[in-house]
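Visitor: I would like to go through this structure and hear what each label rests on. Please set the values against the criteria as we go.

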Amino acid sequence: MAEKNSVLLEVKNLKKYYPLTAGIIPRHIGDIKAVDGVSFCIKEGESLGLVGESGCGKSTLGKTILRLEEPTGGKIIYRGTDITALDKDAMRRFRKEMQMIFQDPEASLDPRMTIGQSICEPLVIHNIGDDKQREEILTQLLLQVGLEPAQANLYPHELSGGQKQRVGIARALALNPKFIIADEPVSALDVSIQAQILNLMLDIQRQRGLTYLFIAHDLSVIKYVAHRIGVMYLGRLVELADKQELFRKPLHPYTEALLSSVPSVKTKDRKRVLLPGEVPSPLNPPSGCRFHPRCHRAMSICSSEDPALKEVSSGHLVACHLYRG
Amino acid sequence: METGNIDAIVLRVNELRTYFFTRRGVIKAVDGVSFELRRGECLCLVGESGCGKTVTALSILRLFDSPPGRIVGGTVCYNSTDLTTCSPQQLRRIRGKEIALILQEAQSALNPVLTIGDQIIEQMRLHLPMDTNEARAKAVRLLREMGIPSAEDVLGYYPHQLSGGMKQRVLVAISLSCDPRVLIADEPTTAVDVTIKAQILDMFRELKEKRQMSIIFITHDLGVVAEIGDRAVIMYGGKDVETAPIPDIINFPKHPYTMGLLECLPDVAKEVERLNSIPGMPPDPSYLPSGCAFHPRCPRALDICPRQEPPLVQLSKEHKVRCHLYG
């Protein structure tokens with residue numbers, strides 16, 4: 001079984017650039033640096049949460065790890081194997097162990113397939129079991145995600161948003177994966193349904209010993225599900241720490257601002273750090289530290305030198321010139 | 001007449017019912033909602049999808065599609081005019097001029113082929129005795145007030161040249177251009193990022209405090225409500241199930257639905273092992289459960305709940321609830 005604390009996935013200096021072309025005869029004029037040198041590792045059985053605002057590259061990062069997008073540079077190491085350069089056939093073996101839950105359950109299910117067919121499709125593709133065994137697996141999966149086995153014959157339009165997301169989870173579980181990337185799994189759902197889905201995902205993690213990479217823009221959701229949290233800004237990881245540590249002692253000025261701008265029912269009149277301006281374009285990121293034009297603690301070094309992500313206390317990493325490790 | 005000296009009432013919605021008559025049946029989108037909006041307050045309409053909060057807002061200005069929609073009951077009183085029955089001419093003078101509406105998606109609310117300047121000036125020229133130059137000057141002033149840098153240049157921009165947060169500010173600028181007394185904002189912060197959300201909430205707070213604007217703020221996010229609201233109307237199944245000042249809603253919720261909403265909310269300031277979720281899902285407004293619409297999901301449902309609609313119970317001067325547990 002899963003040994004605790006062994007590294008399941010390691011990402012080293014991962015990059016994903018989208019080339020931008022112009023002209024009738026397309027000419028390369030620049031790159032959109034969606035993910036620009038991100039490194040971290042995830043231990044077996046833990047949940048790593050990734051937060052950031054739109055355009056920070058968190059979704060691209062998720063897709064690149066599963067090689068749904070081909071990385072431009074860097075390495076992805078899964079259980080000791082470098083999967084960055086594996087060919088299609090070799091990759092297929094690993095795909096079984098790594099699955100994804102998507103944001104929009106509406107768009108990620110085929111409207112012409114019953115939900116039973118959708119959930120069983122991965123089994124068919126990977127040639128697992130015969131019809132009868134698949135039927136059994138399907139029944140178990142449906143029960144585990146809180147649906148009735150009889151609902152297998154329904155089409156997606158006959159289900160509510162929350163039920164569709166349950167189908168999405170069942171499909172991701174079909175191949176009995178070890179690692180699941182969940183990209184904003186609850187952002188499209190109503191509040192009362194969000195809690196149901198989050199609880200379900202936590203239950204399944206406990207039952208199956210799953211490892212999650214949980215991507216969301218909502219810090220309160222991340223706080224509920226993740227053990228460690230990484231904060232992204234413009235294609236970079238700017239801070240990574242244990243959940244409690246990050247909330248108690250955010251180091252990066254961006255994290256600080258992010259934490260203070262989350263509306264909360266519980267706190268009143270807390271100190272707010274309002275960020276001026278907006279996230280700049282990843283096509284032409286600011287020089288030096290990418291956050292410096294919006295940072296209230298920027299120094300002269302910040303506009304010229306790019307801060308590296310370094311460990312400033314045990315397990316707490318930050319990329320900021322204010323901290324010199 | 002109202003007693004209203006300090007808490008002068010600007011707008012009063014009474015037992016409003018808006019139904020949609022479709023081939024598949026009658027959809028009771030709004031089914032008996034009452035509240036009053038006081039001068040200089042921010043009243044939040046809170047609820048999940050399908051609870052009727054947006055249709056309530058649209059009904060105030062009669063902006064829903066008709067047919068199939070129709071206001072089948074209730075009144076909306078503004079300045080002793082009943083907006084549900086007044087003439088289209090009267091209504092046109094009120095829309096945008098007296099009561100302004102900010103729609104949900106900034107992206108689709110702006111006309112993509114007109115410049116920002118054209119869209120702000122259009123409304124002022126329609127309602128106010130102003131020439132283009134005056135209107136232009138006012139537009140620049142408004143954009144600046146909304147915190148838009150280089151406002152003169154922005155007047156010449158098209159919507160696609162602006163970011164989501166900027167578009168939201170432009171929409172607020174348009175809605176303020178005729179100095180309305182009431183602002184209705186439908187989920188103005190849902191489509192934007194957290195840091196931008198904080199900026200926009202600050203802007204609304206300022207409007208309320210500096211201009212004494214009366215705001216109806218529609219949202220599903222209780223965190224946002226706690227940040228800017230004075231009072232809240234919690235909606236479920238087309239009805240106002242609980243109305244109270246925000247501190248009461250958060251600290252002493254009475255309706256089981258309000259309690260459930262608060263408990264199932266992950267919150268950055270909370271340490272919880274497990275969220276208490278509400279079982280089931282919000283009802284489809286075309287098949288509302290009998291009696292109290294919340295009874296199938298209610299942990300404290302009584303025998304009477306499926307049989308009889310709960311009456312509105314006045315718990316205190318400011319706290320109203322529709323639930324059989326009380327009264």
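**Strands, domains and contacts**

Guide: Strand β1 (residues 7-22) of chain A and strand β2 (residues 27-43) of chain A run antiparallel and are joined by 13 bridges. The model is a predicted one.

Visitor: What makes β1 and β2 of chain A a pair of strands?

Guide: The criterion is at least two bridges between the strands. There are 13 bridges here, so β1(A) and β2(A) count as paired. Within this pairing, Tyr17(A) stands opposite Lys33(A) in β2(A). The hairpin has four residues between its strands, and Gly23(A) takes a positive phi near 95° there.

Visitor: Why is the pairing in the eight-stranded sheet of chain A called mixed, and what is the strand order?

Guide: Strands of a sheet can pair either parallel or antiparallel. The open sheet has the order β6-β7-β8-β3-β9-β10-β12-β11 (chain A), and its pairing is mixed. One parallel case is β7 (residues 179-183) with β8 (residues 211-216) of chain A, over five bridges. Ala182(A) has Phe214(A) in β8(A) as its bridge partner.

Visitor: What makes β6 and β11 of chain A edge strands?

Guide: β6 (98-101) and β11 (310-313) of chain A each pair on one side only. From one strand of the sheet to the next, the twist averages 20°. Helix α6 (residues 161-173) of chain A packs on the sheet, where it touches β6 and β7 of chain A.

Visitor: What makes up the contact between chain A and chain B?

Guide: The contact involves 32 residues of chain A and 36 residues of chain B. On the side of chain A, helices α7 (191-208), α8 (219-225) and α10 (253-261) each supply at least two residues. The most comes from α7(A), with seven residues. By class, this side of chain A has 15 nonpolar, 11 polar and six charged residues.

Visitor: Which domains does chain B have, and how far apart are their centres?

Guide: The domain assignment gives domain 1 (9-98 + 181-322) and domain 2 (110-179) of chain B. Their C-alpha centres lie 29 Å apart. Each domain of chain B puts 10 residues into the contact. On the domain 1 side, helix α8 (residues 194-211) of chain B gives the largest share, four residues. That side divides into seven nonpolar, two polar and one charged residue.

Visitor: Why does the radius of gyration of chain B agree with a compact globule?

Guide: For 327 residues the globule rule gives a value near 20 Å, and chain B has 20 Å, so the two agree. The C-alpha atoms of chain B fill a box of roughly 65 × 50 × 45 Å along the principal axes. Chain B has 11 helices and 12 strands.

Visitor: How many of the residues of chain B count as buried?

Guide: Of the 327 residues, 48% count as buried. The criterion is 20 or more other C-beta atoms within 10 Å of a residue's own.

Conventions:
Residues are numbered from 1 along each chain as its sequence is written. Chains are lettered from A and ligands numbered from 1 in the order in which they are written. This is a predicted model: local features need pLDDT of at least 70, side-chain atom pairs count only at pLDDT 80 or more; totals for chains, interfaces and linings use all residues. Domain bounds come from an automatic or database domain assignment. Two residues are in contact if their C-beta atoms, placed from the backbone, lie within 7 Å. Ala, Val, Leu, Ile, Met, Phe, Trp, Tyr, Cys and Pro count as nonpolar, Asp, Glu, Lys and Arg as charged, and the others, Gly among them, as polar. Axes are lines fitted to C-alpha atoms, for helices over the stretch in contact, and angles run from 0 to 180 degrees between N-to-C directions. The radius of gyration is taken over C-alpha atoms; the globule rule is 2.2 Å times the number of residues to the power 0.38. A residue is buried if 20 or more other C-beta atoms lie within 10 Å of its own, exposed if 12 or fewer, and partly exposed in between; C-beta atoms are placed from the backbone.
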